[in-house]
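Have the sequence and the 3D view side by side as you read.

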Amino acid sequence: MFRQLEELEQLVRQAKAGARAQKLEAETTQAAEVLREAERTMMAVEQRAARERPDAAKAVEQAELARKRLDEAIREVAKNHLNQDPGILRTIEGARAEIDGTRIKAQATLDEIGRDREESKKALQVARDAYLKLRQELDELQPALAPRFGDSDRLVRQAGEHLPEGQVRILAEEVDDSRSVFGMLDREQQHAQLMIWMGRYRRIQDRVDVEHDLTPESMTQLDRIFPMLRDLSHQYMPGYIEAFSRAFTTDWEAYVADAQARLLAATEGSRRAREVESVRAERQVRDQDQAKRAAEVLRQAIEGLKMAMVGADPDSEEGSAEFFDALRKVVLAGGSSDTRVLQLVAPYQSRLDGKDFRALRRNLDRSTDDDARVQEDNSLRERLADLIAQTRGKDVLMIGGAVREDARRSLQRVFEFDELDWEPYEAARPAMLSSLEERIRNRTVDYVLILKEFVSHSVSGRLRPLCEEHGIPCLMIEHGYGASQVAEALGGALARSA
């Protein structure tokens, strides 16, 4: 009805909105500068805390320890009736003053840093809230002005990281995002990382318990963090962490700093271990390739030797030259101990002269000796068949002399012992004898053989009664340790027990 009046009122409203928007823009710009200054102050305080707080905390701790030492020294002075000595009393007072002065100065630094941090956080919170309120109103009146405040808006988000709500959000997101890769850390890294997270969580929790300054949304987010950390600890079990106990309390700033140092050291150690493992793996691959190439070279050399032996008569002059040339290639390829080579050249052992075939001759001699020993053992086994039926599968302990592995294997092969443990006399001293006695008490052996020529009377004097007590045959081998002597002792003992 009153169209022109309505147009007039609309123009008035627009004029007021424009004036208000202009004023808001100026106020928002000013609030952004206040926020920026508050953030700079906060960063300066945090830098000072990082620089001075560890030394001050350490100084307080050392002063507390020194005070305990002083108290102990004062008790000793009184106990020894020295507390009437003026010189000692002056020294005590001087030490007390020095300790108290150090502690008071360091504690004052800690208190000042704490106050500055709290004040700077409150100032940052007030500046952030003021800026956000103005920005919200400005967006409602003039949304097009938003790009002008992009830097300030980013500063607000950054400032939020110094405040409880921002710390809760960052910690929750960090834990949530890291759970999928937590298993890739080694045990020490996992332990240190959980310490960091739990220290940060407890630091926030303690502040919330005192100041109750979290929004309901942030409280819900904070309550989610502990179960996530507990589940990680239960799943990977990196080690005990005191901060999981609500009864445990400490300086959480120092706790987190210590855990961060541990994580850094663990990460560096893990990096070095990976480098060592990488070098080892590369070397292993390289060694395997070299072994394969060497095996192929040897195979080809052996094939050449076979062809030389087939294509020419090794007993003729021409064939002999070809045979020895091929054999030298086998030796150069590392075939002096290869069983295939030893079998091929055994018929020509008497003709292997010269230094080129020295190792080959030695291995052929050893192979001949081994074959003879096996044949001898097999012959002995045929004669001792009835005895072996009773010794087969037994665990035997033999004591005395110097261990000879070839003789030990021969005895184990002849009598078909499941295990033959040979302890030298030099080791049969009190500690070792106690260990042997424990094995007898636990009945981990079926027979005890004592080489009488190679042990003192104290060994048999201690072990024989114990073996008798536990029903374990203890046999004295009168001379040497050959299969015949052992068979004689075993046979006699088994016959007496039958």
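## A glycine and its contacts

Please keep in mind that this is a predicted model. Let us begin with G480: beyond its neighbours within four places in sequence, G480 is in contact with L451, E453 and F454. L451 lies 29 residues away from G480 along the chain, yet their C-alpha atoms are separated by 7.0 Å.

Where does G480 sit? Its place is the loop between β4 (474-477) and α15 (483-497).

## Helix α14 and its two sides

Helix α14 covers residues 457-469. Its 13 residues, at 1.5 Å a residue, should span 18 Å, and the end C-alpha atoms are 19 Å apart, which agrees. Which residues of α14 are buried? They are V459, S460, L463, L466 and C467. Viewed down the axis of α14, these buried residues fall within an arc of 150°, so they line one face of the helix.

After α14 comes G471, which has a positive phi, near 70°.

## Salt bridges within helices

R271 counts as partly exposed because its relative accessibility is 31%, and E268 counts as partly exposed at 30%.

Also in α7, R299 and E296 are three residues apart, about one turn of the helix. Their salt bridge has its closest N and O atoms 2.7 Å apart. R299 is partly exposed, with a relative accessible area of 38%, and E296 is partly exposed at 32% relative accessibility.

In helix α8 (residues 317-332), D325 and R328 are three residues apart, so about one helical turn separates them. D325 forms a salt bridge with R328, and the closest N and O atoms are 3.5 Å apart. D325 counts as partly exposed at 45% relative accessibility, as does R328 at 33%. Elsewhere, salt bridges that share partners join R48, R51, E52, E112 and D116 into one network.

Note on methods: Residues numbered from 1 in each chain as written. Predicted model: local features only at pLDDT ≥ 70, side-chain atom pairs only at ≥ 80, totals over all residues. Heavy atoms only, no water. Helix = DSSP H or I, 4+ residues; strand = E, 2+ residues; numbered from the N terminus. Contact = heavy atoms within 4.5 Å. Expected span 1.5 Å × (residues − 1). Buried < 20%, exposed > 50% of the residue type's maximum accessible area, 1.4 Å probe, protein only. Arc of directions from axis to C-beta. Salt bridge = Lys/Arg side-chain N within 4 Å of Asp/Glu carboxyl O.
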